Amino acid sequence: MAVISRFQLTRAGLTMLLSNDPGRARVIDVSSHDGHLGSHDVAVYDLAGLIDSSENDLRHLIATQKPVVGLVPGGRPDLGDGALAAGVAQLVAMDVTGSVLLQVLEKAVADGFPAVERRRERRRLALMSEFGLTARELEILVRIGAGVSNVQIADELYLSINSVKTYIRSAYKRIGVTTRAQAVLWVVRNGAHR
């Protein structure tokens with residue numbers, strides 16, 4: 001299990017909490033491994049890291065396709081909502097007990113990354129329903145949110161540039177935006193990113 005927090009006290013506390021049952025968990029403090037991941041089955045990520053920084057660390061962690069359990073700081077349920085939309089498997093509060101945390105981590109490992117993909121797919125279906133988007137429009141919005149150019153979108157989806165522009169115009173109309181920057185913000189706020 002990897003423990004990831006920008007706060008040493010949180011890392012030490014989580015490590016100690018999880019190390020109380022060494023037969024069930026081996027904790028890796030990735031801060032001592034220059035942030036390299038790979039030998040973990042599941043990660044605990046302190047969502048307080050999202051308060052003053054971007055979501056790049058969390059996105060990188062989710063990209064490993066290993067389950068991530070988010071530790072929600074007190075008074076910030078909004079961070080948990082965003083983390084779930086980004087692909088975090090489960091959330092736990094700061095007052096979680098060691099035994100409950102171990103159960104949540106074990107469940108996340110048992111469910112595996114496909115559970116995260118299923119949750120992301122449910123989120124996308126909900127967005128399509130809520131905003132009246134077609135699958136293609138949402139697919140293009142997701143790419144816009146990732147910073148992909150119109151030409152790259154056309155290449156990736158085997159569409160003409162004019163078709164891409166048509167999809168963009170209709171998607172923008174459905175979500176109520178007029179600029180690419182607003183569309184990117186919509187993607188982030190609605191958890192529709194890759």
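The legends below describe several close-up views of a predicted model.

Residues are numbered from 1 along each chain as its sequence is written, and side-chain values use heavy atoms, with hydrogens and water left out. Because the model is predicted, local features need pLDDT of at least 70 and side-chain atom pairs count only at pLDDT 80 or more, whereas totals for chains, interfaces and linings use all residues.

**View 1. The protein chain as a whole, with its eight helices and five strands.** Helices (H or I, at least four residues) and strands (E, at least two) are DSSP runs, numbered from the N terminus. Of the 194 residues in the protein chain, 41% are buried, where buried means under 20% relative accessible area, exposed means over 50% and partly exposed lies in between (1.4 Å probe, protein chains only). Contact means heavy atoms within 4.5 Å, and among contacts in the protein chain with a separation of 6 or more, 64% come from residues 24 or more positions apart.

**View 2. Helix α1 (residues 8-19) and its buried and exposed residues.** The 12 residues of α1 should span 16 Å at 1.5 Å a residue, which agrees with the 16 Å between its end C-alpha atoms; the expected span is 1.5 Å times one less than the number of residues. Thr10, Arg11, Leu14 and Leu18 are the buried residues of this view. Seen down the axis of α1, the buried residues fall within an arc of 100 degrees, so they line one face of the helix, the arc being that of the directions from the helix axis to the C-beta atoms. An α-helix has 3.6 residues a turn, so residues three or four places apart point the same way. On the face of α1 turned away from the buried side are the exposed residues Gln8, Leu9 and Met16. Gly13 also belongs to helix α1 and is partly exposed, with a relative accessible area of 37%; its C-alpha atom is 9.9 Å from that of Val3, which is 10 residues away in sequence.

**View 3. Helix α5 (residues 135-145) where it meets helix α7 (residues 161-175).** In α5, the buried residues are Glu137, Leu138, Ile140, Leu141, Val142, Arg143 and Ile144. The axes of α5 and α7 come within 9 Å and cross at roughly 90 degrees, which makes α5 roughly perpendicular to α7. Axes are lines fitted to C-alpha atoms, for helices over the stretch in contact, and angles run from 0 to 180 degrees between N-to-C directions; angles under 35 degrees count as roughly parallel, over 145 as roughly antiparallel, 65 to 115 as roughly perpendicular and the rest as oblique. From α5, Arg136, Glu137, Ile140, Leu141 and Ile144 meet a set of α7 residues that includes Val164, Tyr167, Ile168 and Tyr172.

**View 4. Helices α5 and α8, with the aromatic pair of Phe131 and Trp186.** The axes of α5 and α8 are 8 Å apart and the helices pack at an angle of about 100 degrees, so that α5 is roughly perpendicular to α8. Leu138, Leu141, Val142, Ile144 and Gly145 of α5 make this contact with Arg180, Ala183, Val184, Trp186 and Val187 of α8. Rings of Phe, Tyr and Trp (its six-membered ring) pair if their centres lie within 6.5 Å, with planes under 30 degrees apart counted as stacked, over 60 as edge-to-face and the rest as tilted. One aromatic pair is counted by this rule: Phe131 and Trp186 are edge-to-face, at 5.1 Å centre to centre and with 85 degrees between the planes. Phe131 lies in helix α4 (residues 98-131) and Trp186 in helix α8 (residues 180-189), so the pair ties together parts that are 55 residues apart in sequence. Trp186 counts as buried, at 7% relative accessibility.

**View 5. Helix α6 (150-157) and the loops on either side of it.** In the loop between α5 and α6 lies Ala146, which is partly exposed with a relative accessible area of 44%. The axes of α6 and α7 come within 9 Å and cross at roughly 110 degrees, which makes α6 roughly perpendicular to α7. Asn150, Val151, Ile153 and Ala154 of α6 make the contact with Ile161, Val164, Lys165 and Ile168 of α7. Tyr158, in the loop between α6 and α7, is exposed, with a relative accessible area of 77%. Its phi is near 55 degrees, a positive value in a residue other than glycine.
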